[in-house]
Amino acid sequence: MKLFDTHFHYSGESTPEQYGEAIRSCLRETDGLPEPERLYLLANGGDYAESCRARDFARTTPDAWFAAGVHPHCAESETHPTVDFSRLLAEPECAAVGEIGLDYFYDHAPRERQRQVLENFLELALATSLPAVIHCRDREGESGAYCDLYAILQSFAGAGGRMVIHCFAGTPEWAEKLLALGAFLGVTGMVTFPRADNIREVLRMIPDDRLLIETDAPYLAPVPHRGKPNTPGYLPLIAARVAREKGRSMEEIARLTTANAFAFFRLKESA
């Protein structure tokens, strides 16, 4: 069985080798689930410094790639020009532009600035023929971020852009609209949370060929590790719950989500 964690964050507090050992340790703590023979990894950047750390991780870790971008939380504070990111995106291990998007829940950056940064990076995605890894979060009962994101992504998709809405936690209605644009949807450990019925409802409507799984480590550790730091080593727990909700075997979910990841990011599996 092979699994692909399409979204995690590498802090650099440990070396890539030490982080890899921590992943292997967590793989042995997954309640008797089969340990994958290979675990593919995509480290995502939320600003220039994190994007560089993600690149360094991918350079030294087998079966790993990275994405470079500016998270909406950092849209106001990031000072590096887009030319610096262009150099990162040209690296052979770079598989995507991200994490980018809109966050109207915390509003750490002015919304107009968030939209401007998102549009700038979507232009980079089109120029480099790389897919975009999108973050979107609204306040409870509001839909402003999804409305603004959808308007921006319509143009991006119309120009041939490819995208995944990572850690999707929106409504089934928004899932349907984004899927109609060609988006993939990423499912995290939130699918195991007792009160996350909306995520499980959306999961059951995601077509097989648009489903990706991810940990978003170090955040959102799945049950029974909720509240602890997350790692890609807990991905089997997510795959198992996705399989349960979809009425499939874990091996089948592993196979199709891994194939989806390689197709979406246009990667080639090494021997």
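Modeller: This is a predicted model. A place to begin is Lys177, whose charged end sits over the ring of Tyr150, 4.4 Å from the ring centre.

Biologist: What makes the charged end of Lys177 count as sitting over the ring of Tyr150?

Modeller: The limit on distance is 6 Å from the ring centre, and the charge must also be within 35 degrees of the ring normal. At 4.4 Å, the charged end of Lys177 meets the distance limit, and it is listed as sitting over the ring of Tyr150. Arg111 has its charged end over the ring of Tyr104, 4.1 Å from the centre.

Biologist: How many aromatic pairs does the count come to?

Modeller: The count comes to 20 aromatic pairs. One of them joins Phe264 and Phe265, with ring centres 4.8 Å apart and planes at 75°.

Biologist: Why is the pair of Phe264 and Phe265 called edge-to-face?

Modeller: Two rings pair if their centres lie within 6.5 Å, and planes over 60 degrees apart count as edge-to-face. The centres of Phe264 and Phe265 are 4.8 Å apart and the planes are at 75°, so the pair is edge-to-face. Both residues belong to one aromatic cluster, together with Phe4, Tyr40, Trp65, Phe184 and Phe262.

Biologist: How do you know whether Phe264 is buried or exposed?

Modeller: Buried means under 20% relative accessible area. Phe264 has 3%, so Phe264 is buried. Phe265 has 4% relative accessibility and therefore also counts as buried.

Biologist: Which residues have the most contacts inside the largest nonpolar core?

Modeller: They are Leu122, Ile134, Leu153, Ile165, Phe168, Leu178 and Val242, in a core of 79 residues. Helix α5 (residues 144–158) gives the most to this core, eight residues. Contacts of Leu122 beyond four places in sequence are Ile100, Ala132, Ile134, Ile152, Leu153 and Phe156. There is also a second, separate core of 16 residues, including Ala67, Ala96, Ala261 and Leu267.

Biologist: How do you know where empty space is left?

Modeller: A probe the size of a water molecule is rolled over the atoms, and that shows where empty space is left. In this model, the largest pocket holds about 1100 Å³ of space. Of its 37 lining residues, Asp103, His135, Cys136, Arg137 and Cys167 are the closest to the centre. At least two lining residues come from each of β4 (94–103), β5 (132–137) and α7 (197–203), and β5 gives the largest share, three residues.

Biologist: What makes a space a cavity and not a pocket?

Modeller: In a cavity the probe fits but cannot get out, whereas a pocket is an open set. The structure holds one cavity of 30 Å³ or more. The largest cavity has about 40 Å³ of space, and its lining is Phe168, Leu185, Gly186, Val187, Ile199, Val202 and Ile206. β7 (184–187) and α7 each give two or more of these residues, and β7 gives the most, three.

Terms used
Residues numbered from 1 in each chain as written. Predicted model: local features only at pLDDT ≥ 70, side-chain atom pairs only at ≥ 80, totals over all residues. Heavy atoms only, no water. Phe/Tyr/Trp six-rings, centres within 6.5 Å; stacked < 30°, edge-to-face > 60°. Buried < 20%, exposed > 50% of the residue type's maximum accessible area, 1.4 Å probe, protein only. Core = buried A, V, L, I, M, F, W, Y, C linked by side-chain atoms within 4.5 Å. Helix = DSSP H or I, 4+ residues; strand = E, 2+ residues; numbered from the N terminus. Contact = heavy atoms within 4.5 Å. 1 Å grid on protein atoms, 1.4 Å probe; cavity = no way out; pocket = protein on both sides within 12 Å on 5 of 7 lines; lining within 4 Å. Points joined across faces, edges and corners; volume = space filled by probe spheres on them.
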